[in-house]
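Thanks, everyone. Let me walk you through one structure, side chain by side chain.

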Amino acid sequence: MMILHRDLNTDLLRKKIRNKEILLAGNLRMKIYGLLNCRSGKRMKDTNRVFFKSETEAILYGFRPCSHCMFLQYWEWKGNG
């Protein structure tokens, strides 16, 4: 289930990351997902940020991999893998 950043307070967000309930972040407007430590992802507005438990979940919501932090997955998605 996609989780909106605006629906979480800082403590709950940290707890979900610690418990592996959140493994990836995505940009709701651009439909891109990536790793939590991605420099590009850290710059997005909280209102656009969503979280996922898995790549499969992100793909089901129509998101594509980030070309910076998930380079190999991005090229596979693009069809050049």
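This is a predicted model. Is Arg49 buried or exposed? Its relative accessibility is 11%, so it counts as buried, the cut-off being under 20%. Its partner is Asp46: the two form a salt bridge, with the closest N and O atoms 2.7 Å apart. Asp46 sits at 43% relative accessibility, so it counts as partly exposed. Why would such a pair form at all? Side chains of opposite charge can pair when their charged atoms come close.

How many salt bridges does a search of the whole structure find? It finds 2. The other pair to look at is Lys16 with Glu21, at 3.1 Å, N to O. Lys16 counts as buried, at 18% relative accessibility. Glu21 counts as partly exposed, at 32%.

Stay with Lys16 for a moment. It is found in helix H1, residues 10-18. Leave aside neighbours within four places in sequence, and Lys16 is in contact with Ile3, Leu8, Glu21 and Ile22. So the salt-bridge partner Glu21 is on that contact list, because its side chain meets that of Lys16 at 3.1 Å, and contact means heavy atoms within 4.5 Å.

Now the ends of H1. Asn9 caps the N-terminal end: a side-chain oxygen of Asn9 lies 3.1 Å from the backbone nitrogen of Asp11. Just after the helix, Lys20 takes a positive phi of about 65°.

Next, the nonpolar interior. In soluble globular proteins, nonpolar side chains tend to be buried together. Which residues make up the largest nonpolar core here? There are 7: Leu24, Tyr33, Val50, Phe52, Ala58, Phe63 and Met70. Apart from that core lies another, of 6 residues, among them Ile3, Leu13, Ala25 and Phe51.

Take Val50, from the largest core. Beyond its neighbours within four places in sequence, Val50 is in contact with Met2, Ile3, Leu4, His5, Leu24, Ala25, Gly26, Leu28 and Phe63. Leu24 and Phe63 on that list are also members of the largest core. Ile3 and Ala25 belong to the other one.

On to the rings. The structure holds 5 aromatic pairs. One is Phe52 with Phe63: centres 5.0 Å apart, planes at 70°. Stacked or edge-to-face? Edge-to-face, because 70° is over the 60-degree cut-off.

Tyr74 is buried, with a relative accessible area of 13%. Trp75 is partly exposed, at 30%. Both belong to one aromatic cluster, together with Phe71 and Trp77.

Last item: a charge over a ring. Arg64 lies over the face of Trp77, at 5.5 Å from the ring centre. Trp77, remember, is part of that aromatic cluster.

To recap: 2 salt bridges, 5 aromatic pairs, and a largest nonpolar core of 7 residues. That's it from me. Over to you.

Notes: Residues are numbered from 1 along each chain as its sequence is written. This is a predicted model: local features need pLDDT of at least 70, side-chain atom pairs count only at pLDDT 80 or more; totals for chains, interfaces and linings use all residues. Side-chain values use heavy atoms; hydrogens and water are left out. Rings of Phe, Tyr and Trp (its six-membered ring) pair if their centres lie within 6.5 Å; planes under 30 degrees apart count as stacked, over 60 as edge-to-face and the rest as tilted. Buried means under 20% relative accessible area, exposed over 50%, partly exposed in between (1.4 Å probe, protein chains only). A charge sits over a ring if NZ of Lys or CZ of Arg is within 6 Å of the ring centre and within 35 degrees of the ring normal. A salt bridge is a side-chain nitrogen of Lys or Arg within 4 Å of a carboxyl oxygen of Asp or Glu. A nonpolar core is a set of buried Ala, Val, Leu, Ile, Met, Phe, Trp, Tyr and Cys residues joined through side-chain atoms within 4.5 Å. Helices (H or I, at least four residues) and strands (E, at least two) are DSSP runs, numbered from the N terminus. A polar contact is a pair of N or O atoms within 3.5 Å; within protein, one must be able to donate a hydrogen and the other to accept it, and residues adjacent in sequence count only if both atoms are side-chain atoms.
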